[in-house]
Amino acid sequence: MINYGIAILLLPLAAFVTQIFVGKRLPRNGDWVSIGAVTITFCLSLAMFGVMLVKYDPDFVIDEAWQWFDLGSLTVHLGILIDNVTVVMLLVVSLVSTLVHVYSTSYMEGDPRYSRYFAFLSLFTFSMNGIVLANNLLGIYMFWELVGLSSYLLIGFWFEKNSASDAAKKAFLVNRVGDIGMFIGIMLFFTSTGSFLFSDVFAGVESGLFSTEILTIAGLCLFAGAIGKSAQFPLHVWLPDAMEGPTPVSALIHAATMVAAGVYFSFRLFPIFTPTALIVIAYIGGFTAIFASIIAVTQNDIKKVLAYSTVSQLGYMILAVGAGAYTYGLFHLVTHAAFKAGLFLCSGSVIHAMHHAYHELHDHESDPQDMRNMGGMKDKMRTTYLTMLICTVALAGVPFTSGFLSKDAVLAGTLSLTMHHPEHFLLVVFGFGAALLTAFYMFRLVFMTFYGEPTRREVYDHIHESPSPMTAPLVTLATLSFFLFFTLPNLNPFSDHGWFTTLIQAKDSVVPGHLNPTAHEIAEGMHHAHTPAMILSILIAFGGIGLAILMYLQKKISADDMAARLALPYKLSLNKFFVDETYQRYLINPSLAFSKVVAFLDWELYDKYVINGLGKVTEWFSRVVGIRWDYNVLDQQIVDGVGRSTRFFGAGLKFVQTGKVQNYLVWVLVGVIMIYVFQAVS
Amino acid sequence: MVGLNTYLIIGAILFSLGMFGVITRRNGVAVLMGVELILNAANVNFVAFARFGGMDFTGHVFSLFVIILAAAEAAVALAIILNIFNSLGTVNIDEANQLKQ
Amino acid sequence: MTGTSFIFWIVALLTVGSAAGVVFSKNLIYSAISLLFCLLGVAGLYVFLWADFIAVTQILIYVGGILVLIIFGIMLTHRITNVRLSHSSIQQGVGGAIVLAIFAGLSAMILDAPWYLSSAEEPTETVREIGRMLMVDYLLPFEVASILLLAALMGAALLSRKVD
């Protein structure tokens with residue numbers, strides 16, 4: 001198993017190295033190198049998954065650490081942790097990665113930096129696998145940054161576009177804010193426990209090395225990394241902008257895997273979060289869920305809708321972690337990865353078709369991503385339409401889909417928390433409100449894109465279904481959105497009971513003093529909350545879908561009227577609650593102004609007076625020294641004197657140089673004898 | 001029985017004779033023979049130490065390497081001597097005193 | 001004086017005597033022949049030192065290889081018609097004094113030093129152990145030596161080629 005893990009980790013790296021150095025010279029620009037590596041990775045993950053199913057052991061774990069370096073008092077270990085969670089995550093990452101690689105061969109066809117694109121994809125796959133396989137905080141941190149780097153490279157892949165390079169920089173910088181918190185957290189744990197390994201850190205926490213307050217702060221610091229990477233409020237601003245990257249990248253990195261790294265990280269660390277930290281996490285997740293879904297309702301760019309939808313779904317997962325139902329957070333991560341990657345790839349297919357239609361019409365002005373320019377495409381793009389519909393249904397949480405199961409479980413966890421702590425009723429409101437809006441905006445997207453009359457007839461006529469390398473991944477991902485794949489061997493579509501819940505079981509918190517409820521208590525609470533949560537969520541999902549049908553399919557309620565009536569919320573939502581503008585006004589502009597003041601001080605005062613003044617003094621001093629001392633005394637007497645005496649001695653000594661090697665050898669031997677004599681005497 | 005010192009003295013004699021040859025001979029080839037004598041002196045020492053220091057084969061391996069080096073050195077040195085002969089018309093190395101200038 | 005040590009002294013005398021012949025002979029060919037006997041004598045010393053493999057290597061490489069090379073060198077650098085092939089020496093006085101001083105120093109050191117001695121049985125076979133050491137402990141130097149030989153071969157060929 002451990003060999004499989006290492007192979008899974010290193011194969012994409014090898015592909016990256018090959019691609020970046022010789023990719024351009026290989027046939028087909030070397031895309032087969034990356035695809036081959038990722039496919040083998042997928043097969044290995046599948047094999048591991050098979051082994052896991054055969055074993056069917058919830059406690060299966062391989063944890064191996066190697067010493068990396070030893071500085072005496074400081075020994076750092078790195079290592080690999082393989083348990084059921086790792087195996088499932090590896091399968092998700094490699095599956096989506098493989099599909100995206102295949103899809104990209106068609107989507108990126110003809111791009112001048114085709115081979116580099118695949119190199120970056122491989123780099124990303126390598127780093128993501130690294131996060132999943134690491135058994136220590138330092139390893140996760142390193143791969144965390146690598147993932148950030150590959151995300152930066154891929155968002156800014158079309159760096160000729162200013163918007164793309166700006167978005168890449170923004171993603172990098174915003175992530176950095178969270179990562180600094182994460183680094184502080186890691187160091188807090190390291191200085192106390194002397195180890196980065198999860199097992200040591202957990203043991204340290206359990207033995208009471210930390211006071212509850214410190215543990216809360218340290219846990220939240222670590223969680224700050226997850227806030228950045230998983231685009232939680234208030235660091236969510238980078239994810240929508242990241243849609244400037246190629247759409248397959250959005251599907252892989254900004255929907256299915258990388259943004260889920262934060263959730264995965266919180267999942268791993270759940271046992272060390274204190275109750276206070278968990279409540280903060282739950283509020284951040286819940287608020288992000290509702291906040292992002294409100295924004296998604298009014299967006300017109302198809303990818304922006306999906307981006308905010310991703311933010312909101314990540315909020316759900318974080319909410320699940322905060323509510324203690326963290327295995328269900330991971331469950332939602334896995335199901336969401338399939339259908340959200342499917343949705344992104346579908347939108348990519350649509351954009352691809354629109355782009356080509358505009359291209360044929362020589363229209364370079366219109367935006368191929370704007371849903372207002374689409375409409376009625378279901379007859380032209382049959383496969384895309386059907387797969388997108390299935391994924392949308394799954395995201396909306398309609399029964400018989402995987403999304404229903406996982407979202408329902410998350411909501412049940414939230415409901416259970418509120419039942420025990422009624423003061424946190426807002427979390428339930430956030431959760432169910434987001435569910436309602438999710439169903440609404442997703443069907444709004446489908447209706448605006450695929451139904452109704454096309455806005456421009458001539459564009460519509462040029463729309464074609466995408467080629468099979470693009471549609472095949474869509475079909476695969478849409479198929480995986482059915483409940484069956486996640487509940488086997490159980491066939492009940494209304495119960496999440498299956499291999500996943502059997503194999504991935506919640507662990508008890510290691511926070512000392514029994515502050516947190518045990519895993520058993522949480523499961524008990526969720527059991528009670530399950531039925532009401534399910535009924536409520538079905539009602540809400542159909543309510544949202546019904547509203548979307550009324551407004552966008554049958555047009556019985558005018559969307560514009562609604563917008564006018566709800567002017568303020570509409571404006572806020574359309575402008576994304578002015579978060580970016582707020583940051584601009586209260587964070588970026590003041591820091592720019594401050595920089596200008598400092599620059600002024602530096603240049604006008606320090607440079608002109610202090611530095612230049614010093615320079616003048618030095619100049620005067622050196623002129624005096626130069627003439628009086630340097631030339632007259634030093635140069636004339638000492639320097640020239642050395643030269644003269646050398647010449648004198650040389651003239652005398654030149655007769656020693658006979659040019660005969662044997663004479664020289666005699667002198668060498670004389671030297672040897674003298675050394676011997678000196679040694680003998682002393 | 002013959003002891004270590006005997007071999008070391010033989011080695012020292014060989015070394016001194018070789019050194020004398022290197023210093024005094026005018027012919028390049030003869031200088032080379034002196035160098036071979038010096039190398040053989042070193043080898044005798046290696047093997048003698050191996051024999052009397054508890055039969056450690058490291059000394060043997062080292063003398064093997066010395067023989068290899070001697071072969072390489074002889075080939076290159078003779079090539080150089082040939083070159084000197086071709087360009088100066090002599091192999092007497094005291095006439096090859098271009099180092100003087 | 002036993003038979004073994006009698007033979008030893010004969011071999012030692014042969015070695016030292018022919019080494020002197022190498023250095024003092026007036027005729028270059030005689031020097032080369034003396035060198036042959038000197039090398040054979042050293043090989044004999046190796047036998048007394050229980051180093052049979054080294055002794056055989058000495059005969060094969062030195063006598064069979066290097067000495068032939070040297071004689072080739074003599075032939076190539078002297079006109080064949082020049083029968084005497086005599087060669088003279090220089091700075092013999094200075095050289096002799098220095099070499100005697102060195103020899104005195106060496107001998108004093110040898111006789112003075114408290115050598116570490118350890119008795120050992122005569123090994124039944126040396127080749128196996130030398131082979132093991134070459135292939136295990138000294139594999140890298142062994143390979144480097146092979147590269148060195150190759151480089152020397154090519155360097156010698158390049159150097160002695162007629163420049164045109």
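## Ser106 of chain A

In this predicted model, A:Ser106 lies in helix H3 of chain A, which covers residues 84-107. A:Ser106 counts as partly exposed because 19 C-beta neighbours fall inside 10 Å, while a residue needs 20 or more to be buried.

Which residues does A:Ser106 touch, not counting those up to four places away in sequence? They are A:Ser466, A:Pro467, A:Pro469 and A:Met470. For A:Pro469, the separation from A:Ser106 is 363 residues in sequence, but 6.1 Å in space from C-alpha to C-alpha.

## Helices H15 and H19 of chain A

Helix H19 of chain A spans residues 468-479, and its axis comes within 9 Å of the axis of helix H15, residues 382-396. The two axes cross at roughly 30°. Angles under 35 degrees count as roughly parallel, and H15(A) and H19(A) are therefore roughly parallel to each other. The crossing of H15(A) with H19(A) is left-handed.

On the H15(A) side, the contact is made by A:Thr383, A:Thr384, A:Thr387, A:Ile390 and A:Cys391. H19(A) contributes A:Thr471, A:Leu474, A:Val475, A:Leu477 and A:Ala478. Sorted by class, this contact of H15(A) with H19(A) has six nonpolar and four polar residues, and no charged ones.

## The fold of chain C

Chain C has six helices and zero strands. Read from the N terminus, the order of its elements is α-α-α-α-α-α.

Chain C has 164 residues, of which 26% count as buried. Among the contacts in chain C with a separation of 6 or more, 52% are between residues 24 or more positions apart.

## Where chain C meets chain B

How many residues does each chain bring to the contact between chain C and chain B? Chain C brings 71 residues and chain B brings 60 residues. On the side of chain C that touches chain B, at least two residues come from each of these helices of chain C: H1 (3-24), H2 (28-48), H3 (52-77), H4 (92-112), H5 (127-135) and H6 (139-160).

H3(C) supplies the largest share of the side of chain C that touches chain B, with 14 residues. By class, that side of chain C has 50 nonpolar residues, 20 polar residues and one charged residue.

Terms used: Residues are numbered from 1 along each chain as its sequence is written. Chains are lettered from A and ligands numbered from 1 in the order in which they are written. This is a predicted model: local features need pLDDT of at least 70, side-chain atom pairs count only at pLDDT 80 or more; totals for chains, interfaces and linings use all residues. Two residues are in contact if their C-beta atoms, placed from the backbone, lie within 7 Å. Helices (H or I, at least four residues) and strands (E, at least two) are DSSP runs, numbered from the N terminus. Ala, Val, Leu, Ile, Met, Phe, Trp, Tyr, Cys and Pro count as nonpolar, Asp, Glu, Lys and Arg as charged, and the others, Gly among them, as polar. A residue is buried if 20 or more other C-beta atoms lie within 10 Å of its own, exposed if 12 or fewer, and partly exposed in between; C-beta atoms are placed from the backbone. Axes are lines fitted to C-alpha atoms, for helices over the stretch in contact, and angles run from 0 to 180 degrees between N-to-C directions. Angles under 35 degrees count as roughly parallel, over 145 as roughly antiparallel, 65 to 115 as roughly perpendicular and the rest as oblique. A crossing is left-handed if the near helix is turned anticlockwise from the far one by less than a right angle, and right-handed if clockwise.
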